[in-house]
Amino acid sequence: MEQEFGLIALACGLIIGLGAVGACIGIALMGGKYLESSARQPELMNALQVKMFLLAGLIDAAFIIGTGIALWFATSTFLK
């Protein structure tokens, strides 16, 4: 039974950790591309900024959903 708790804790850590790494890499790549495109065409900066923040929210939403699922796994073991 205790080994089961350890594996669940490991799974929760992997879900949250890999989700955070993926979100950070995604936002970093998107921010870099935004800076490149706004430097090339400064007149489109406002339109690109709106789209960048929308995509940043979607990327963060995927990480937050993963964190919620991991917390659900962590608390479901106490209901047995």
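Visitor: How far apart are the end C-alpha atoms of helix H2?
Guide: They are 46 Å apart. H2 covers residues 45–76, and at 1.5 Å a residue its 32 residues should span 46 Å, so the two agree. The expected span is 1.5 Å times one less than the number of residues.

Visitor: What kind of model is this?
Guide: This is a predicted model, with residues numbered from 1 along each chain as its sequence is written. Local features need pLDDT of at least 70, side-chain atom pairs count only at pLDDT 80 or more, totals for chains, interfaces and linings use all residues, and side-chain values use heavy atoms, leaving out hydrogens and water.

Visitor: How many helices and strands does the chain have?
Guide: The protein chain has 2 helices and 0 strands. Both kinds of element are DSSP runs numbered from the N terminus: helices are H or I over at least four residues, strands are E over at least two.

Visitor: What is the radius of gyration of the chain?
Guide: The protein chain has 18 Å, whereas a compact globule of 80 residues would be near 12 Å. The radius is taken over C-alpha atoms, and the globule rule is 2.2 Å times the number of residues to the power 0.38. Along the principal axes, the C-alpha atoms fill a box of roughly 60 × 15 × 5 Å.

Visitor: How much of the chain is buried?
Guide: Of its 80 residues, 14% count as buried. Buried means under 20% relative accessible area, exposed over 50%, and partly exposed in between (1.4 Å probe, protein chains only).

Visitor: Which residues of H2 are buried?
Guide: Met52, Ala56, Gly66 and Ala70. Ile59 also lies in H2, but counts as partly exposed because its relative accessibility is 26%.

Visitor: Switching to the surface: which residues form the nonpolar patch?
Guide: Ile15, Ile65, Ile69, Trp72 and Phe73, with about 490 Å² of accessible area together. H2 gives the most, 4 residues. Patch residues have over 30% relative accessible area and no salt bridge; like charges are joined within 9 Å, and nonpolar side chains (Val, Leu, Ile, Met, Phe, Trp, Tyr) within 5 Å. A salt bridge is a side-chain nitrogen of Lys or Arg within 4 Å of a carboxyl oxygen of Asp or Glu. Areas are Shrake-Rupley with a 1.4 Å probe, and for residues only the protein chains shown count as cover.

Visitor: Is Ile65 buried or exposed?
Guide: Exposed, because its relative accessibility is 54%. Trp72 is exposed too, at 58%, while Phe73 is partly exposed at 36%.

Visitor: How many aromatic pairs are there?
Guide: The count is 1. Trp72 and Phe73 are stacked, 5.9 Å centre to centre with 20 degrees between the planes. Rings of Phe, Tyr and Trp (its six-membered ring) pair if their centres lie within 6.5 Å; planes under 30 degrees apart are stacked, over 60 edge-to-face, the rest tilted.

Visitor: And where is Arg40?
Guide: Arg40 is in helix H1 (residues 2–40), and its relative accessibility of 71% makes it exposed. The C-alpha atoms of Arg40 and Met52 are separated by 16 Å.
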